[in-house]
Amino acid sequence: LMKILQLLTIAALLPVYHATIIDQQVHGRNLDALPGISSSFNVIFPPAFRRPDGYEHREALFGVPPYGGELAQNVYYADSDLCGDDPVDKTGNYPCPALDPVTGKCKDWQSPFILMVDRGECTFVHKVRRAQQAGASAVIIADNSCMCDKQDQSEGGSCQHNSGQCTCTSEVKCEDFFPIMADDGSGGDITIPSLLLYKQDADVIISQLKSNTIVQVQLTWNLPAPDDRVEWDLWSNPTEPISSNFQKSFRPAVESLGSSQFFTPHFYIYDGVSNNCHTGNNCGTLCTNHGRYCAVDPDNNLSEGISGADVVAESLRRLCIWDAHGSDGVGSKYWKYLEGFLSDCYDPSFPNSPLRFPKTSDWTCSNEVMNKVGIDSNTIESCINFSGGITDDVVNSKLKNEIDKKIQQGVIIVPTTYVNTVAMRGSISTSSVFNTICAGFLDGTAPKICGR
């Protein structure tokens, strides 16, 4: 099959959806320009290294940052990438101002501390997990590659574009784009924040630490708080398992927040036109509208089970349900539909349970759930058809709008929650989303429920 068919099928094989899934519209973009950086990083001591606007960095897409809070602690440099599996050596560190009189080695890291480690070859999650096990409050990963056209203050040369190629003046590695600190699919147990620092900046800090200078840094996490109403979005799709428990349980919380918040659901749809699925409908059951709108085949079986087209159709149905019942930003009937669907039709948390996932040609289960929770299925069907439907070779206005918003917002991870336009890090649970929403209010305007 075509390249896009391979891409979507491979994506379906990922252990969980919270691994990075990037399509051709997002892949290759300079992600420094994408929204969602909510943190700041700066040096407190030595004061000569403090910068007015802080240091550029990349936040991890896993872990749990203390939104609305800060960390100001001393830094230890492990002089390692922590890619092994042996217990972390807490004595092989910098600075080492004093030796243990018994062992003759550096004294163990004194808590609380922030640990700086080298980037290395293993996943970001692996090294942050090991630092967390060693007692770190946060992790700074020192990049080992230079970014093209960034001023290099380290030894080993600099990277520059030359005739369209990213080249270096010496042996140091070069990269066009700062890497994404993505979850490798196992990061649900990570509870500390982490970030990646440019090589030229990390080298300066490491140099100070290796000279036994005490370095203290400050990390802060702020959500934009423009007024007394928090706006938040959830990007998901009907077959990803990570947010299913959240979707089953969050209705009481969103109803208690009421008009002080405004929710909007979004669904991750692949653009079949730009990925060559539309020409000759080369992607088969992955797409609707003759290859215009596509989704991953969740069970990796292109001939039976749930198809990508079924996922697209259910996404469109939910968009129409929200249109009909979500104008208040709460959408109680929308959440009730999710609860009923996950109970009666399909729960991706239990993929081996009996399937009643609605097919493009059989909407029995979804219609039953809509009738049960008081949603007029005829109204929803009219909305689906009015937007362009799923069968004809025409533009569907709602699905096209989701693709446009995905590109505009720079969404690459499913699921992702945005609160006041900032991507929320860490697990998606009732408590984590509720607390993040409460952190997004202008001071003094949070509803009383946030203080309980």
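The structure is a predicted model, in which local features require a pLDDT of at least 70 and side-chain atom pairs count only at pLDDT 80 or more, whereas totals for chains, interfaces and linings use all residues. Residues are numbered from 1 along each chain as its sequence is written, and side-chain values use heavy atoms, with hydrogens and water left out.

The protein contains 11 helices and 18 strands, where helices (H or I, at least four residues) and strands (E, at least two) are DSSP runs numbered from the N terminus. Of its 452 residues, 53% are buried, a term that denotes under 20% relative accessible area, with exposed standing for over 50% and partly exposed for values in between (1.4 Å probe, protein chains only). Among contacts (heavy atoms within 4.5 Å) between residues at least 6 apart in sequence, 72% join residues at least 24 apart.

Seven strands are arranged as an open sheet of mixed pairing, in the order S1-S11-S3-S4-S5-S10-S2; two strands are taken to pair if DSSP finds at least two bridges between them. The edges are formed by strand S1 (39–45) and strand S2 (57–59), each of which pairs on one side only. On average, and with direction ignored, neighbouring strands of this sheet are turned by 30 degrees against each other.

Because eight of the 10 residues of H2 are buried, the helix is largely enclosed by the rest of the structure. The buried positions are Phe124, Val125, His126, Lys127, Val128, Arg129, Arg130 and Ala131, and the buried residues of H2 pack against S4, S5 and S10. Just after the helix, Gly135 adopts a positive phi of about 100 degrees.

An open sheet of three strands has antiparallel pairing and the order S14-S16-S15. Its edge strands, S14 (270–271) and S15 (287–288), each pair on one side only. Between S15 and strand S16 (residues 293–294) the antiparallel pairing extends over two bridges, and Cys287 is partnered by Cys294 of S16.

Helix H6 (residues 308–325) packs with helix H10 (residues 397–409) at an angle of about 95 degrees, the axes lying 10 Å apart. H6 and H10 are therefore roughly perpendicular to each other, given that angles under 35 degrees count as roughly parallel, over 145 as roughly antiparallel, 65 to 115 as roughly perpendicular and the rest as oblique. In this contact, Val312, Leu316, Leu319, Cys320 and Asp323 of H6 meet Lys398, Leu399 and Glu402 of H10. The residues involved divide into five nonpolar, no polar and three charged, where Ala, Val, Leu, Ile, Met, Phe, Trp, Tyr, Cys and Pro count as nonpolar, Asp, Glu, Lys and Arg as charged, and the others, Gly among them, as polar.

H6 also packs with H7, at an angle of about 150 degrees and with the axes 9 Å apart. Here Glu314, Arg317, Arg318, Ile321, Trp322 and His325 of H6 meet Lys333, Tyr334, Tyr337, Leu338 and Phe341 of H7, a contact comprising six nonpolar, one polar and four charged residues. Ala324 likewise lies in H6 and, at 38% relative accessibility, counts as partly exposed; its C-alpha atom is separated by 8.9 Å from that of Tyr334, 10 residues apart along the chain.

Helix H7 (residues 332–344) in turn packs with helix H8 (residues 364–373) at an angle of about 135 degrees, with the axes 9 Å apart, which makes H7 oblique to H8. The contact is made by Lys333, Lys336, Tyr337, Gly340, Phe341 and Asp344 of H7 together with Cys365, Ser366, Val369, Met370, Lys372 and Val373 of H8. By class, it has six nonpolar, two polar and four charged residues.

Terms used
Axes fitted to C-alpha atoms, helices over the stretch in contact; angles between N-to-C directions.
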